[in-house]
Amino acid sequence: GQGPSKNKAWVRMGINALATDLPLTRSDCMKLNRIFHRHARNHELTREGFNAALQDAGIEVSSGDDFKRVLDRVFRTFDSNGSGTINFRDFALGISSLLNGTEDEILELSFQVYDVGGTGFIEGEELKTLILSQNKVVQALLGEAYKAPDLSDAVSALLEKADLTGDGRLSFEEYK
């Protein structure tokens, strides 16, 4: 059988391989591995474990409903096989993209977060969610925000500027 030292050797090899694949140091990978396993059950993170792991990694997790919806979408984006759980590789890849990704990688991740239906487009209610999320950033920076009646106008203005094909939705290229 495999003793504990043999398992640790496999873990070290896996972490070393992951560190060469990602823009993370070996030390970062070891830290993520400890955080992941602190909150994982059967080597997988559930949504609840994911939220706790993010907090443990120093990423502030708010308790508001809007933030929970965004976290759910981030979780689904990290969940590469749609199983409802995240393995360590998915967790490390996702965190690495958030912290060290290129502008295009971060844009792609954020696009996937807003493309709730997984259609490859941000459309319908997803456009309103996108505007409302941006609205919170604008409000925090400038102290102003869209009023609810202005939301439809804001969506129309967004589509007018970014919807190059005129189909009433945003592709990733249009989103960029």
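**Salt bridges**

I started with the charged pairs in this predicted model. My count of salt bridges came to five. One of them joins the side chains of Glu123 and Arg169, with N and O 3.7 Å apart. Glu123 belongs to strand 1 and Arg169 to strand 2 (residues 169-171), so this pair ties together parts that lie 46 residues apart in sequence.

I then checked what else Arg169 does. Arg169 also forms a salt bridge with Asp167, and there the closest N and O atoms are 3.1 Å apart. That puts Glu123, Asp167 and Arg169 into a network of salt bridges.

Are these three tucked away or out in the open? I looked up each one. Glu123 comes out as partly exposed at 24% relative accessibility. Arg169 is partly exposed too, at 27%. Asp167 is partly exposed, with a relative accessible area of 37%.

Another pair I noted is Lys176 with Glu173, whose side chains meet in a salt bridge at 3.7 Å, N to O. Here Lys176 is partly exposed at 43% relative accessibility, while Glu173 counts as exposed at 55%.

Next I went looking at Asp115, which sits in the loop between helix 6 (103-114) and strand 1 (121-123). Asp115 is buried but makes no salt bridge. How far away is the nearest side chain of opposite charge? It belongs to Arg169 and is 8.9 Å away. A salt bridge needs the nitrogen and oxygen within 4 Å, so that distance rules the pair out.

What does the Asp115 side chain have beside it, then? I found the backbone nitrogen of Gly120 2.7 Å from one of its polar atoms. Leaving out residues up to four places away in sequence, Asp115 touches Gly120, Phe121, Ile122 and Glu126.

**Overall layout**

I stepped back to get my bearings. I have nine helices and two strands for the secondary structure. Along the sequence the order reads α-α-α-α-α-α-β-α-α-β-α. The protein has 176 residues, and buried ones make up 32% of them. For contacts between residues at least 6 apart in sequence, I noted that 51% join residues at least 24 apart.

In soluble globular proteins, nonpolar side chains tend to be buried together. I wanted to see where that happens here. The largest nonpolar core has 19 residues, and those with the most contacts inside it are Leu45, Phe50, Phe78, Ile86 and Phe91. Which elements give two or more residues to this core? They are helix 2 (26-39), helix 3 (47-56), helix 4 (65-78), helix 5 (88-100) and helix 6.

Setting aside neighbours within four places in sequence, Phe50 is in contact with Leu45, Leu71, Val74, Phe75, Phe78, Ile86 and Phe91. There is also a second, separate core of 14 residues, and Val155, Leu159, Leu170 and Tyr175 are among them.

**Leu98 and helix 5**

Leu98 is in helix 5. I have Leu98 down as partly exposed, since its relative accessible area is 38%. Not counting residues up to four places away in sequence, Leu98 touches Phe78, Ile106 and Leu109. I also took the C-alpha to C-alpha distance from Leu98 to Ser110: 9.4 Å in space, for 12 residues in sequence.

Last, I went through the backbone angles. Most residues other than glycine have a negative phi. Which way do Asn42 and His43 go? Asn42 has a positive phi of about 55° without being a glycine, and His43 has a positive phi of about 65°, again without being a glycine.

I checked where they sit. Asn42 is in the loop between helix 2 and helix 3, and His43 is in the loop between helix 2 and helix 3 as well. Asn42 is exposed, with a relative accessible area of 73%. His43 counts as exposed at 57% relative accessibility.

Technical notes: Residues numbered from 1 in each chain as written. Predicted model: local features only at pLDDT ≥ 70, side-chain atom pairs only at ≥ 80, totals over all residues. Heavy atoms only, no water. Helix = DSSP H or I, 4+ residues; strand = E, 2+ residues; numbered from the N terminus. Buried < 20%, exposed > 50% of the residue type's maximum accessible area, 1.4 Å probe, protein only. Lys, Arg positive; Asp, Glu negative; His and termini not counted. Polar contact = N/O pair within 3.5 Å; in protein donor to acceptor, adjacent residues only side chain to side chain. Contact = heavy atoms within 4.5 Å. Core = buried A, V, L, I, M, F, W, Y, C linked by side-chain atoms within 4.5 Å.
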